[in-house]
Structure formats: structure tokens, C-alpha cells
Amino acid sequence: MNTPAAAPPAQPFFPDAGAAAPFFLGSGAAARFCLYHAPVGTCRGAWLYIHPFAEEMNKSRRMAALQARAMARDGYAVLQLDLHGCGDSAGDFGDARWETWQDDVARGLAWLERRSGHAAGLWGLRLGCLLALDVAQARALPGLLLWQPVTHGSQFLTQFLRLKVASQMLTEGETGGGTAALKEALTAGQALEIAGYTLDSALALAIDARAAEKFIAPACPVRWFEVAPESGRPLSPAAARVVAALGKHGATVATHVVAGPQFWATQEIEECPALLDATLRSLSEACHAA
């Protein structure tokens with residue numbers, strides 16, 4: 001049973017509008033670290049941010065904070081929540097499971113909707129988008145805001161496993177059988193240490209099994225954003241296929257491609273102002289199919 005939500009500070013932690021009020025949702029093993037951005041003026045809606053996977057989360061903190069503040073200044077209540085085993089929340093990364101992350105999202109939505117008085121949408125980044133789409137299978141949402149979605153969990157997992165293969169080549173001079181051998185180990189129930197993160201087999205297999213194309217089309221507007229090296233680029237082929245599949249089954253998906261760095265993967269912390277502007281602008285526009 002979840003611990004009742006702890007109230008955020010009565011006054012914002014930072015003095016400027018849209019700044020974050022930190023608090024823990026729940027306590028003990030159920031504690032999840034949150035940042036609440038109260039809306040400035042009349043509340044127009046609410047969004048729960050679902051961060052990306054492993055190191056991508058750390059690389060994206062600044063962009064998520066900038067966007068959350070901008071949305072709050074524009075009248076939206078925004079909650080950032082560190083999932084189980086991630087960031088400053090309770091638990092180790094190796095304890096995290098897809099199901100506990102689904103529960104965390106449900107808890108965050110419930111808290112945010114009580115606090116704001118509005119039904120809350122999900123704003124995901126990378127693997128957070130796949131989790132958002134999965135959550136949308138089981139509950140009604142007012143909208144989905146997706147930044148550079150991971151569309152196929154299997155491909156994403158393979159890319160993550162390549163970090164392990166690269167490490168094996170550097171330290172041992174061999175690949176240890178490559179990603180195929182690593183997936184066999186996960187399937188056999190073995191946890192793997194990859195780039196400083198302990199990946200449990202249950203979480204890995206849950207990610208591996210999910211693909212956006214297999215989901216039921218969300219019954220809410222979907223705003224889909226991709227970042228390209230330069231302006232004028234079309235949606236990536238993989239994303240275009242998923243968007244077409246969702247649209248074929250009745251989803252309304254508005255797509256946007258903006259120019260900027262892949263801030264979730266860059267060596268240094270990067271910003272993508274075009275993504276911030278396009279996201280905020282899209283929230284004030286009607287969502288039409290691409």
C-alpha cells in the first residue's frame with residue numbers, strides 16, 4: 001500500500017516563478033523524489049515528466065528543468081518524479097522493475113491531479129515515452145507529450161548492451177560473445193553490470209518485449225518531437241512507421257522535428273532551445289494528425 005503523498009513546501013524552494021519545490025512522495029522504500037513546478041496564474045493543465053533510462057537521465061536534467069519551468073510560467077502544473085531506483089528516489093537501480101515504474105507513474109499522476117485539480121498528461125523522454133505509451137494502454141489521459149521516443153525496446157536494449165561489449169573489448173580484448181550472449185544471460189535470469197548500472201534480467205526482458213507499434217492507439221492527442229542535426233529534416237523512418245501505425249488505428253499524432261543537439265547523449269550538458277520553444281507552442285495549438 002502506498003504511503004499518502006507528502007505535501008510540497010508551502011512556498012517554492014526557489015523564489016522565481018516556475019521554480020521547483022522538492023519533496024518526497026511517500027517514505028522509506030516507497031519514497032520517490034519529486035520536483036513540483038506550480039503553475040503561474042490560473043492553472044491550464046498538468047503534466048507528469050517521465051525521465052529517460054540510466055545515464056540519459058542525468059544528461060537530460062537541465063533540459064527537463066528548463067522545459068518544466070517554462071511550462072509552469074505558462075500556466076501548467078508540472079511534476080518531475082524520479083522512478084524507483086533512479087536519481088534520488090529509494091532503491092537501487094538493480095531493484096527497479098517495469099511494473100514498479102508503472103506504479104510510480106500512477107502515484108505521480110494521482111498526486112498531481114489532486115494538487116492541480118486537472119487531469120494530468122504524460123510527458124516522456126526516450127524510454128520514458130515507451131513507459132508513457134504503456135501506461136496509456138490502461139488509463140485515460142488528456143494527452144501525451146513525447147520527446148525523441150524509444151520506439152522498440154529490443155533495439156534500445158541492444159544499444160545499451162553494446163556498452164558492455166565495448167567495455168569487454170577494452171578490458172579483456174574480446175567481446176564475450178557480443179550482445180546476443182548478453183541477451184542469453186539476461187534471459188537465463190542473470191543480472192549484468194553495464195556502465196555502472198546493474199541491469200536486472202526482469203527489467204531488461206520487460207523493456208525488450210515492448211514496442212510502440214504493438215500498443216493500442218492512445219485515445220488522446222499525441223505530440224511527438226524529434227531532434228535532428230539541422231532544420232528541414234523529416235521524421236526518422238522508424239518514428240514515421242510508428243506514427244503511421246498509430247494513426248492507422250485511430251490515434252491523433254502531431255509530429256515536430258526541430259534542430260539541435262542530442263542532449264540526452266552528448267558528452268557535455270547541452271540545451272536545445274528549439275525543442276523548448278516548439279513544445280511550449282504546441283501546447284497552445286490544437287493537435288492534428290501529421
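Arg-107 and Asp-104 sit 3 residues apart in helix 2 (residues 98–116), about one turn of the helix. Helices here are DSSP runs of H or I with at least four residues, strands are runs of E with at least two, and both are numbered from the N terminus. The model is predicted, so local features need pLDDT of at least 70 and side-chain atom pairs count only at pLDDT 80 or more, while totals for chains, interfaces and linings use all residues. Residues are numbered from 1 along each chain as its sequence is written, and side-chain values use heavy atoms, with hydrogens and water left out.

Arg-107 and Asp-104 form a salt bridge, with the closest N and O atoms 3.9 Å apart. A salt bridge is defined as a side-chain nitrogen of Lys or Arg within 4 Å of a carboxyl oxygen of Asp or Glu. Buried means under 20% relative accessible area, exposed means over 50%, and partly exposed lies in between (1.4 Å probe, protein chains only). Arg-107 is buried, at 9% relative accessibility. Asp-104 is also buried, at 2%.

A second bridge joins Arg-139 to Glu-113, with a closest N–O distance of 3.8 Å. Arg-139 lies in the loop between helix 3 (127–135) and strand 6 (144–147), and Glu-113 in helix 2, so the pair ties together parts 26 residues apart in sequence. Arg-139 is partly exposed at 30% relative accessibility. Glu-113 is partly exposed at 25%.

The whole structure holds 10 salt bridges. Among them is the pair Asp-74 and Arg-44, whose closest N and O atoms are 3.0 Å apart. This pair links distant parts of the chain, 30 residues apart: Asp-74 is in the loop between helix 1 (55–73) and strand 4 (76–81), and Arg-44 in the loop between strand 2 (32–37) and strand 3 (45–50). Asp-74 is partly exposed, with a relative accessible area of 26%. Arg-44 is partly exposed at 43%.

Strand 5 (residues 120–125) is largely enclosed by the rest of the structure, because 6 of its 6 residues are buried. Ala-120, Leu-122 and Gly-124 point one way from strand 5, and Gly-121, Trp-123 and Leu-125 point the other way. Strands count as paired if DSSP finds at least two bridges between them. Strand 3 and strand 5 run parallel and share 5 bridges. Here Trp-47 stands opposite Gly-121. Strand 5 also pairs with strand 6 in the parallel sense, over 4 bridges. Leu-122 has Leu-144 as its bridge partner in strand 6.
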